[in-house]
Amino acid sequence: MSRKALLNRQKIIVVGNGMVGHHFIDQLHKSNSNEFDIATFSEESQLAYNRVMLTSYFTGNSADDLALTTKEKYKNQGVDYYLNEEVLEINREDKNLITASGRILTYDKLILATGSFPFVPPVPGKDQNHIHVYRTLNDLEAIKCSAKTSKVGVVIGGGLLGLEAANAIKQLGLETHVVEFAPRLMAVQLDQDGGELLRDKITALGVTVHTEKNTSEIITGDKCRYRMNFADGSFLETDIIIFSAGIRPQDKLARQSGLVIGDRGGIVINDQCLTSDNSIYAIGECALWDNKIFGLVAPGYAMAKVAVSHLTKIGNREFMGADMSTKLKLMGVDVGSIGDAHGNTPESQSYSFIDSMLGTYKKIVVSSDGTKLLGAVLVGDTSDYSQWLSLVQNNTVLTQPPEYLLIPNQNNDNLSNSSVAALPASTQICACYDVPKLAIDDAILKGAHDIAAIQSCTSAGTGCGGCLSLVTQLLETELEKQSINKHETDFIEVKPEQDNEHTYFIFPRMPNADLTPEHLISIGEIAKEYNLNTKISTAHRIDLIGLDLDQLSIIKKRMADVGLETESVLKEK
């Protein structure tokens, strides 16, 4: 590159190296890296890592496992990085910034990706040892250290992150409690019935839930390290306390530099993610768009792409808000929330279905005329999530009365996969990386025949992991389609000594579920008793092969009795 070209390179500084800040750097590097000099600042000692998967740090994942990049990768990309370095001041007139160590850097464009900070209510006694927040790897290390000398732990906050924190301290072997101010868990995403079922399921796992509790003070305990006194006169003793009572946008630096800030915080941005200064962008949880803060990673990634598009003048992306639907597994419990889950749309109608035996709850919210799905709540079973999300996002007109969505279909053993196959090509499968169904189908057709290969090609499933079950279903469906088209299969080996015209193979459906030793023993006993072939399929399933029709219902029931949902497929010899 010529000296003139080097001198003309724009200086881009990204303040904040969390998931969203890193995604901006990654997207900018992919788009037109030769035109930019990129630098990034992080107040932490690590480069960007996957905060969504923080709890896995307690179940075996290391900091390296969670890392989204490395020092070597940034070096190869020409990205300068500064760790443990806080930016204290932005001089907008001279276009430079000053750090805590006295470092001064100039910029042409500045990206504020400062994220958010945990909100800790002003409870007397909160500033003591063994009282933590749940936000960074350093926080988790501190919690881990406290747990070594503790027996009881309490999480204040029953939202998404609070339940993740509860799972973490339960994994550390502590008696675990969750204290929530609202009358139900996950009050933002779930309605009362959904919240109550989630509470029942989490209680069954050994976590005690206390709702409608307002902590008034934290004092020295009698049996434990601390005693939490509540406004209603009750109390709870504990050794560790973790605050997870929400987040607030980290807008301190922007305030000090005179950028426009929302009345309740957040750096005001337009549709191009520009702040009130045309040389400064804001993305992620620190940004306020249309008076809204978006507390999920997917909207932050969308903002990063918009900022890159505007900066590079490639395309004309605009940020027009984001769908806050979410699907996740909390302490082993599947939970989903779609669109207008609370039925806030005027004259909307709601339908719900509760299966007490299976412990599942589904609710749909539809338009006043019943022709369009507006929102939904799912607890215990999220198999309908992707299909329903597609109906909401595509504003699809329902072809049957809405209550039919809630009625289990008894006539189609392969309903789940066939429903996935029918989703429009534009359906968003991975919200974190905005991966549509078309991209996954294309990757499979080009030879990505396992989950790792699909992740490598599309990045789907490498963020929060919530879409992995859906990606798996797409993979299974496409591979079966390819198998039928070729008149051969990678899934089945029909035993030659069988002389019946048709046989079946059956497999347990285990999307994101734990497979216990008891499950494996039961599968093995069934295979041995009925003399079935078994194999691990290319879609990473356990297939039992060679069933006759009269055996099918018996084996389905045997597996259901040990908690394994199954699917079966008919094959000709």
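Let's start at Y433. At 17% relative accessibility, Y433 counts as buried, because the cut-off for buried is under 20%. Keep in mind that this is a predicted model.

Who is the ring partner of Y433? It is Y301. The ring centres of Y301 and Y433 are 5.1 Å apart. Their planes meet at 45 degrees, so we call this pair tilted. Now look at where the two sit. Y301 belongs to helix α9, residues 297–312. Y433 is in the loop between β26 (428–430) and β27 (435–436).

How many aromatic pairs does the structure hold? Seven. One of them is Y57 with F58. This pair is edge-to-face. The centres lie 6.2 Å apart, with 65 degrees between the planes. Are Y57 and F58 buried or exposed? Both are buried.

Stay with Y57 for a moment. The charged end of K144 sits over the Y57 ring, 5.2 Å from the ring centre. So Y57 has F58 as a ring partner and the K144 charge over its ring.

There is another charge over a ring. Here R248 places its charged end over F119. The distance to the centre of the F119 ring is 4.0 Å.

One more aromatic group. W289, F294 and F319 are linked into a cluster by ring pairs.

Now the backbone. Most residues other than glycine have a negative phi. Two residues to look at here are C273 and S459.

C273 first. Its phi is positive, about 70 degrees, and it is not a glycine. Where is C273? In the loop between β18 (267–268) and β19 (280–282). Is C273 buried or exposed? Its relative accessibility is 0%, so C273 is buried.

Then S459. This residue is not a glycine either, and its phi is about 75 degrees, again positive. S459 is in a loop as well, between α13 (451–458) and α14 (468–485). How accessible is S459? Its relative accessible area is 26%, so S459 counts as partly exposed.

To recap. Y57 pairs edge-to-face with F58 and has the charged end of K144 over its ring. C273 has a positive phi and is buried. S459 has a positive phi and is partly exposed.

Technical notes. Residues numbered from 1 in each chain as written. Predicted model: local features only at pLDDT ≥ 70, side-chain atom pairs only at ≥ 80, totals over all residues. Heavy atoms only, no water. Helix = DSSP H or I, 4+ residues; strand = E, 2+ residues; numbered from the N terminus. Buried < 20%, exposed > 50% of the residue type's maximum accessible area, 1.4 Å probe, protein only. Phe/Tyr/Trp six-rings, centres within 6.5 Å; stacked < 30°, edge-to-face > 60°. Lys NZ or Arg CZ within 6 Å of the ring centre and 35° of its normal.
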